[in-house]
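This report covers packing, domains and the chain interface. The model and its sequence come first.

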Amino acid sequence: MIDNDVLERVLSAALRTGADFAEIFASDWRGTGVGLDDGRIEQLSTGRNRGAGIRVISGETTGFAHTADLTESGLLAAARVAADAARQGGGGTRVVALTAQPSRIVSPIDVDPSTVAKASKVELLRRVDDAARSTGGAITQVSAGYSDGRTLIVVANSDGLVARDERIRTLLRVSAVANGDTGMQTGFDSVGHTMGFELFDKVQVEDVARTAATRALTKLKARPAPSGSMPVVIKAGSGGVLFHEACGHGLEADLVAKGASVYRGKVGELVASPLVTLVDDGTMTHEWGAIAIDDEGHPSQYNVLIENGVLTDYMWDYLRARKEGRRQSGNGRRQSYKDLPMVRMTNTYVLNGDEAPADIIRDTESGVYVAHLGGGSVNTATGDFVFGMTEAYLIENGEITEPLREGNLIGNGPQVLRDIDRLGNDFAMGNPGTCGKDGQGVPVGDGQPTLRVKALTIGGTAS
Amino acid sequence: MTDRSSELLAIADRVVALAQAGEQVEAYVSRSLSTDVRVYEGEVEHFVSAQSEGIGIRVIRDGRTGTSYAGTLDPAVIADVLAEARDNLGYGEVDQWSGLAEPDGVAVTPQVLWSDRLESVPTARKIELAKELERLARAADSRVRVDDSNYSDSFGEAAVATTTGIRVSGRENGCYLSVGTLADDGDETQTGFGFSVGRDVDELDIEKAAREAADRATRLLGATKPASRRVTVVLDPFVTAQFLGIIGGTLNGDSVVKGRSLFANRLGDQVASPLVTLVDDPTNPLAYTATDIDGEGLAARRNVLIDRGTLGMFVQSSYSARRMGVATTGNGTRGGYAGSPGAGCLALQVVPGTRSQAEIVAGIDDGILVQQVQGLHSGVNPVSGDFSTGAAGITIANGTLGAPVREFTIASTLQKMLLDIAEVGGDLEWLPMRATGVSLVIHDVTMSGA
């Protein structure tokens with residue numbers, strides 16, 4: 001996408017005002033989206049976005065500018081703006097010599113979606129619509145989206161690093177509305193991987209459609225969720241977001257450094273139930289958060305964050321690692337070339353325990369069984385976090401009984417981690433997610449086995 | 001940024017001129033510039049200078065729609081984008097209501113949405129504002145630290161041209177300050193935030209943003225988890241704005257025609273307390289998202305959605321209006337050049353009452369002032385109306401603010417909450433979002449805690 005000699009000259013120009021560090025992140029994205037709603041393919045849309053962001057660091061200050069013009073003159077202009085923004089008053093000439101990193105593939109691709117006929121993509125959604133509507137007569141509306149994207153990336157910096165990558169993601173999402181005596185209810189499901197169109201050889205779109213439709217239909221019979229604190233069992237592959245919110249964000253080194261995390265100063269301490277080993281793993285082949293290199297050019301890694309309940313490390317990007325004199329962990333990510341990188345998660349999951357999930361449910365006298373979660377958020381400074389339950393049931397006398405309507409659950413991260421008292425042996429990854437931080441969204445994955453939290457507050461309306 | 005809106009319009013015109021017989025073509029061209037300055041502990045943490053431009057093209061033929069877009073205005077790429085959109089329409093299915101907006105004779109409301117002065121604000125001044133905000137927030141209370149202190153501005157221009165005769169352009173700029181605070185007491189930390197928005201830096205109320213951010217964090221210190229019960233809540237203006245955004249999303253024609261609005265078939269019904277008049281008014285330049293034109297190039301206008309509790313109308317794009325057999329309301333929204341227009345609210349506001357928040361609180365025997373909410377995206381279902389959100393705030397006992405509370409949820413349904421609104425405050429607050437804040441009193445909300 002940009003030759004190394006051009007990258008070298010632009011980096012040298014970016015350093016001209018005396019900066020400590022300069023970096024170019026360039027990307028070239030092309031993608032296709034198809035939307036189905038109300039029984040018809042509404043439209044097929046194709047798009048492209050390419051450009052480069054240039055970051056210049058002087059002391060504590062980062063200057064950043066971006067451009068859609070990838071010619072040498074366009075890049076030089078952006079480099080000047082970024083350098084001026086970070087200006088420290090110094091000056092001089094520094095020559096940058098780049099050394100190519102060995103290329104690496106984390107998620108091999110069989111079928112590049114850009115080579116697949118548009119008609120095949122449209123056909124998937126027709127099948128989704130048929131399958132969702134035939135799940136039950138009460139299904140009154142179905143919307144579905146297919147999207148794929150291919151991004152070429154080059155990152156180069158004044159330390160001499162240059163790395164290139166190709167990323168392909170393919171996603172299908174289905175949302176169904178069911179209508180009954182109690183009004184409308186919705187159900188959602190999705191499947192997304194760092195994989196090409198071969199995804200649909202491995203996953204039957206009808207299954208995704210039926211799952212979404214069944215969730216909506218089930219809730220037609222649902223009663224209002226309870227209100228108050230009680231035991232909660234979370235199904236395998238649905239509750240990774242709990243860890244993403246309860247502690248994942250709080251283990252991001254940028255938030256820790258600002259004293260905005262309840263986990264600051266806790267490395268080496270027991271912060272969770274000894275059952276919990278939590279990993280952030282950018283190398284997990286084909287998972288939604290998998291990356292060969294992060295957006296600062298560093299190879300992704302398998303990072304153990306919590307081991308048997310003990311906090312082992314935070315996640316790091318270039319800036320935080322440099323300031324604290326340690327290695328980055330492959331967690332420097334950004335939404336696009338228009339954004340500055342930050343410490344971000346990749347695929348965050350809890351390793352298996354050794355109990356049969358059925359035993360965990362049977363041993364729960366009364367509580368709530370959460371079978372699907374809809375997202376969440378956290379205040380990292382207080383540790384208070386919420387997540388939404390989009391498919392949940394009562395547990396009565398050790399059995400899953402009536403379905404519940406939607407609501408949020410709220411808990412405090414450090415408390416909830418300690419309150420995990422049962423861990424299953426049925427690990428599964430969950431739905432593809434988009435993690436938001438400081439206005440930027442990046443693709444992430446999460447996963448866990450079935451587990452129980454002794455007490456979580458269910459935010460329903462029934463007393 | 002020199003006024004390039006005529007240039008953008010010329011680009012759109014050139015695309016539209018390439019329409020073939022039997023085609024409807026729309027070109028949406030936009031360009032934006034923004035600055036973000038973040039200060040931390042007296043130093044500039046980052047300075048971001050962002051510039052974006054792009055084009056989105058829709059082609060409709062025989063009821064089929066195709067779209068394509070690109071983040072560049074390079075003429076060679078634009079030609080490709082048009083060809084792609086044309087190819088893509090072959091895969092869309094026939095929709096008898098599909099079509100572009102048509103001029104409807106409604107004149108653009110004159111308003112001043114552009115400040116030349118904002119353009120000439122020197123970088124040093126922007127940095128100084130963010131530094132001053134940090135200083136003031138820290139000085140407000142010895143327990144307060146600042147997480148980030150920010151100055152942001154944006155300059156946007158857009159042009160729309162269609163084969164149906166729409167040919168408009170507009171531009172807006174604005175700026176805001178925001179600050180996130182942390183207050184410490186021993187091992188405990190609480191958080192707060194403050195904002196101020198304006199068309200020009202002189203309109204920014206830096207003292208207010210700093211004071212509110214410090215107050216919000218410090219007054220939560222010592223917060224405990226409350227017991228579960230039913231309670232009257234007072235929503236702080238920022239919380240109300242988020243709540244209104246969700247309500248607005250249920251009142252658009254797209255949701256109605258596609259069977260997803262819980263207010264479909266409720267026109268003329270009393271859906272809210274008689275105290276509630278909900279308007280979408282992008283013609284009020286005080287609103288941060290005020291605009292001359294909607295995303296389809298029609299004049300933006302003031303629409304009364306709920307009039308003293310009675311549901312009066314839904315907001316419409318040209319598509320939803322055509323399908324419902326009503327006039328468009330100038331509410332086509334699009335997410336920049338990459339998005340296709342849908343129907344949505346542009347600048348929501350509840351017509352304010354008269355009393356200050358302090359006066360309202362003084363009249364409440366038992367309640368909670370909800371200062372912040374968390375997880376509206378995960379706990380609120382705008383189709384079923386189920387509403388559940390994490391919250392933190394201050395208890396109200398016998399007319400005075402008392403102990404802080406956190407780690408609880410408030411829950412109800414959107415339908416019930418609108419009817420349970422007991423008072424609208426007089427404390428309108430302009431925020432960098434699509435809805436305006438005001439204090440709102442809601443009865444009979446379920447609080448879940450310990």
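Helix α3 (residues 118-133) of chain A and helix α5 (residues 205-220) of chain A bring their axes within 8 Å, with a crossing angle of roughly 40°. That angle makes α3(A) oblique to α5(A). The crossing is right-handed. From α3(A), the contact draws on A:Leu124, A:Arg127, A:Val128, A:Ala131 and A:Ala132. From α5(A) come A:Val205, A:Glu206, A:Ala209, A:Arg210, A:Ala212 and A:Ala213. By class, the residues of this contact are 8 nonpolar and 3 charged, with no polar ones. The model is predicted.

**Domains**

Chain A is given domain 1 (4-31 + 46-100), domain 2 (113-153 + 165-219) and domain 3 (227-459). Chain B is given domain 1 (5-217) and domain 2 (221-243 + 352-448). The table sets out one domain pair from each chain.

| Pair | Separation of C-alpha centres | Residues in contact |
|---|---|---|
| Domain 1 and domain 2 of chain A | 40 Å | 5 residues of domain 1 with 8 residues of domain 2 |
| Domain 1 and domain 2 of chain B | 29 Å | 8 residues of domain 1 with 7 residues of domain 2 |

In chain A, the side of domain 1 that touches domain 2 holds 1 nonpolar, 2 polar and 2 charged residues.

On the side of domain 1 of chain B that touches domain 2 of chain B, β5 (167-185) and β6 (188-198) of chain B each supply at least two residues. The largest share of that side, 4 residues, belongs to β6(B). Its classes are 4 nonpolar, 1 polar and 3 charged residues.

**Between the chains**

How many residues of chain B are in contact with chain A? There are 60, and they meet 66 residues of chain A. On the chain B side, strand β2 (residues 43-61) of chain B gives the most, with 11 residues. The side of chain B that touches chain A divides into 14 nonpolar, 33 polar and 13 charged residues.

Strand pairing also links the two chains. Strand β2 (residues 40-58) of chain A pairs with strand β3 (residues 64-70) of chain B. The sense is parallel, over 5 bridges. Within this pairing, which residue of β3(B) is the bridge partner of A:Gly47? The partner is B:Tyr69.

Technical notes: Residues numbered from 1 in each chain as written. Chains lettered and ligands numbered in written order. Predicted model: local features only at pLDDT ≥ 70, side-chain atom pairs only at ≥ 80, totals over all residues. Axes fitted to C-alpha atoms, helices over the stretch in contact; angles between N-to-C directions. Parallel < 35°, antiparallel > 145°, perpendicular 65-115°, else oblique. Left-handed = near helix turned anticlockwise from the far one by under 90°. Contact = placed C-beta atoms within 7 Å. Nonpolar A, V, L, I, M, F, W, Y, C, P; charged D, E, K, R; others polar. Domains from an automatic or database assignment. Pairing = 2+ DSSP bridges.
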